[in-house]
Amino acid sequence: MILPLIDLASENFQDQLKAFSLLPNQVLAVPTPDDARLQAVLRNQNKDAYWVQPAAFDAQDPLAQIHTLLDAGSDKVVLPFAAFASGGIDSFSHIPQERLAVSVSPADFDNVSQLLSTVSAFILNVDTSAESLEAIKSVAKVVQSGLLPRGGIKRVIAAFSGNGPASTPGLLAISELGRLGVDTQLSSSVLSADHQEGKLNLGEAFMATIVSDRPDGLFPTVVVDEQGISLGLVYSSLESVVESFRTRKGVYFSRSRGLWHKGASSGSTQDLIKVHVDCDSDALQYTVHQHGTGFCHNNIRGCFGPSSGLAHLDQTLQSRKISAPAGSYTHRLFKDSNLVQSKIMEEAEELCQATTAEDIAWETADLIYFALVKCVANGVTLRDVEQQLENRSRKITRRPGHAKPKWDVSAKADSQSTNGAAPATAPVATPVATPKTGRISMKSYKMNALSADDQSKLLLRPIIQSNDIMARVKPIVESVRERGDAALLELTAKFDGVQLESTVISAPFSPESMILDEQTRKAIDQAYDNIQKFHTAQLQDKALVVETMPGVICTRFARPIERVGLYVPGGTAVLPSTALMLGIPAAVAGCSEIVIATPPRKDGSIVPEVMYVAHKVGASKVLMAGGAQAVAAMAYGTESCPKVDKICGPGNQYVTAAKMLTQIDSSSLVSIDMPAGPSELLVIADMTSVPAYVASDLLSQAEHGTDSQVVLVAVGLTAEHLTAIEDQVHEQANRLPRVDIVRESIPKSYIIEVDTMEEAMRFSNSYAPEHLILHLEQAEKHVDSVNNAGSVFVGHWSPESCGDYASGTNHTLPTYGYARMYSGVNTDTFLKHITSQQLTREGLDAIGDTVMRLAEIEGLEAHRNAVAVRINDIRGRA
């Protein structure tokens, strides 16, 4: 092995550092430990292992300077033999042995045994004489008699300080030292990556100590990336290694093609970072930065398959930084530093609160994900992070380990105890939590003060972590698919805290399960009547019949989807209204089997309001399960739950993910109504609006969940009118039982001030809200301008709540901007439309030539022939 000695006092030291950075180690000669150049080099090292050799130390406290060098990232500090003798060997016993090396003059060669338990490398200052070679052999025999306490060998290095040919060993001498297990230290001035007169070629000198055990003389070479992950196994020759050192690229030897410049034709080149030799000195390891599609000829990262873990995540994020579509969640993460900061703080808090091994692992993964997003967004690689970790692992001075006062949970708990308050059982710092007091207010913007890019950002919704959610949902779905009711029972016990004996209640439902007070029953009955009336009116009883040309009759007719599953959330609210909104159109459409899924209460029962609606709509089963497991049960069927053909209904992110996951699985043969996200509402208000009404409508959706979003588009409102609305939001919110939810959702919501109705409608159509409320003068005149919305509430006397419960329209609506292409649930949701066509002899004769020509153009002869055989009969052809 070659160790170059680089003098940091030279003018071209930076060039030398780069020239020899491919080698595993370099020795840096510096005047003093606090040399400014040295400090800069140690701060910027990358996969380097520098041995630092100061010419002099502070006579008052040399140990402090040694500590500083090691803490700064020096791999070893090289001390003269005299330093150990004068300071006392015991004074170095607290420093790890592998971090110290000694420089020994010939006069002290006989005394090296004194340091066998103190240092890990012995640098012998020698010349090229035969006497020196014999002395090196003697010292090596003493030093190499045992291993280091933590593993590894004690190294012996023959250091040649001369710059001329006479004082520099040749390749044969370096090879002879290598056979003795002795490395060679040479001045950087006698080495060159090119073939220069009077200098040793770096590649040849490096290979002088390496001996192949193969008949063909090649060297097996493992190629790894910056994280040490294997990309493949190749072969190197002396020629290819010399070329690699010269070009600083991945160059190998192909047994069929000879010298192989990796990626020269494909573009998948490699920047060479480090070259290591194995412990037997007969194999190599190349550390490279891989470009292009990857190392493997199959266009993947490595020959042993794609990368995984953190390396794969880093590569994925690097790619997404470049390719993420504008406005997408990923694009926002890379562009919005505040958003990333919020997610990091959120995930750190959740990790602190996690207690089970599974949750700790999950939350750690979340935190690492967002931390890497921040790194990639700012040009920091995973290797940069690993370098910092390696630097920290090199520190020998330990920090006291105190948390900053802001985060010191123990101190807060002690303070509570001191003040007489009972300490919390698991106090956790929550720097990003919404305050429980203070004004509840929305953000505010002026349209004419925003750039087009800023306006586009306002159209984005609160983040849905689709990848993370899918990863959690998939094993749940798979478990139910494979294990049926047994998995359902286990998951219900785990997530709902209920140990059930069975999963399904079958019709007819017992009267005891539907006991309601009279007022509630009447309210449900009236809502039922209105919703049924509106959805029955949507039903088309007659088939559409069109004669497209004489003798060609086309029809379209509707048929009910036979088996449907309706998801009715439980969670934080009782929702019989959702059962009405889903069950009534399914019944009107004529679905033969209706399964309602809803989470059980803690006592194992279903709320009577939902049971009553299930009875009214003619449901055959009530599945006592919620979340992804309920969706999976309906999609695939279990021993007790029938398999359905379509699943409809709102739910949290896990329910939505499960719906989408089962829909794309062809084996489930199930469709869904629409993707869904958190509840949302947009209000357009002018000066005729009533502040209390506007505020109440905003809050009616904000209370749904912490991820809900509400928007107020203020058309020409005066400052006083706008303030009155904001005051009402604060005052009404503080009177709500769910004020804590509102305190989190309202700050994520905003007011946008515009000057004209045209601006307001343009913004609303771009936002495509789930609910749109028009608090406007002659509001009905503006309905024609609505292009994208789930449902519209027209005028001051049309609160969104009426649509949620009893006006007759459906409240299961597209969210998250999907109103651009989806409709809300309606009677047609539970129907499929079938077309038919009937042609007479004359009709086929009239259209036949057209069909045959088009089939001929597309090269589908059997299609053409199916018409031709009939046309021949019609036209009397043989």
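**Figure 1. The largest nonpolar core of the predicted model.** In this predicted model, the largest nonpolar core comprises 79 residues. The members that touch the most other members are Phe-122, Leu-124, Leu-191 and Phe-206. Leaving aside neighbours within four places in sequence, Phe-122 is in contact with Val-102, Val-112, Leu-115, Leu-116 and Val-143, and also with Lys-154, Arg-155, Val-156 and Ile-157.

Figure 2. Strand E4 spans residues 76–80 and contains Leu-79. The relative accessibility of Leu-79 is 2%, so this residue counts as buried. When residues up to four places away in sequence are not counted, Leu-79 touches Phe-57, Ile-66, Phe-84, Phe-92, Leu-100, Ala-101, Val-102 and Ser-103. Val-102 stands 23 residues from Leu-79 in sequence, yet their C-alpha atoms are 4.9 Å apart in space.

**Figure 3. The two sides of helix H2.** Helix H2 is formed by residues 36–43, and its residues Leu-38, Val-41 and Leu-42 are buried. These three lie on the same side of H2, because they cover an arc of only 95° around the axis. Ala-36 and Arg-43, on the other side of H2, are exposed. The buried residues of H2 pack against two helices, H1 (13–19) and H3 (62–71), and against two strands, E2 (25–30) and E3 (49–54).

**Figure 4. The N-terminal end of helix H2.** The residue that caps this end of H2 is Asp-35. One of the side-chain oxygens of Asp-35 lies 3.0 Å from the backbone nitrogen of Arg-37.

**Figure 5. Cys-303 and the search for disulfides.** A disulfide is a covalent bond between the sulfur atoms of two cysteines. A search of the whole structure finds 0 disulfides. Cys-303 is accordingly in no disulfide, and the nearest cysteine sulfur, which belongs to Cys-296, is 4.1 Å away. Cys-802 is partly exposed, with a relative accessible area of 40%.

**Figure 6. Confidence of the prediction, with residues 411–434.** The average pLDDT of the protein is 88, and 93% of the residues score at least 70. Over residues 411–434, by contrast, the pLDDT is below 50. Beyond near neighbours in sequence, this stretch has 26 contacts in the model.

Key: Residues are numbered from 1 along each chain as its sequence is written. This is a predicted model: local features need pLDDT of at least 70, side-chain atom pairs count only at pLDDT 80 or more; totals for chains, interfaces and linings use all residues. Side-chain values use heavy atoms; hydrogens and water are left out. pLDDT is the predictor's confidence in each residue, from 0 to 100. Contact means heavy atoms within 4.5 Å. A disulfide is a pair of cysteine sulfur atoms within 2.5 Å. Buried means under 20% relative accessible area, exposed over 50%, partly exposed in between (1.4 Å probe, protein chains only). A nonpolar core is a set of buried Ala, Val, Leu, Ile, Met, Phe, Trp, Tyr and Cys residues joined through side-chain atoms within 4.5 Å. Helices (H or I, at least four residues) and strands (E, at least two) are DSSP runs, numbered from the N terminus. The arc is that of the directions from the helix axis to the C-beta atoms. A polar contact is a pair of N or O atoms within 3.5 Å; within protein, one must be able to donate a hydrogen and the other to accept it, and residues adjacent in sequence count only if both atoms are side-chain atoms.
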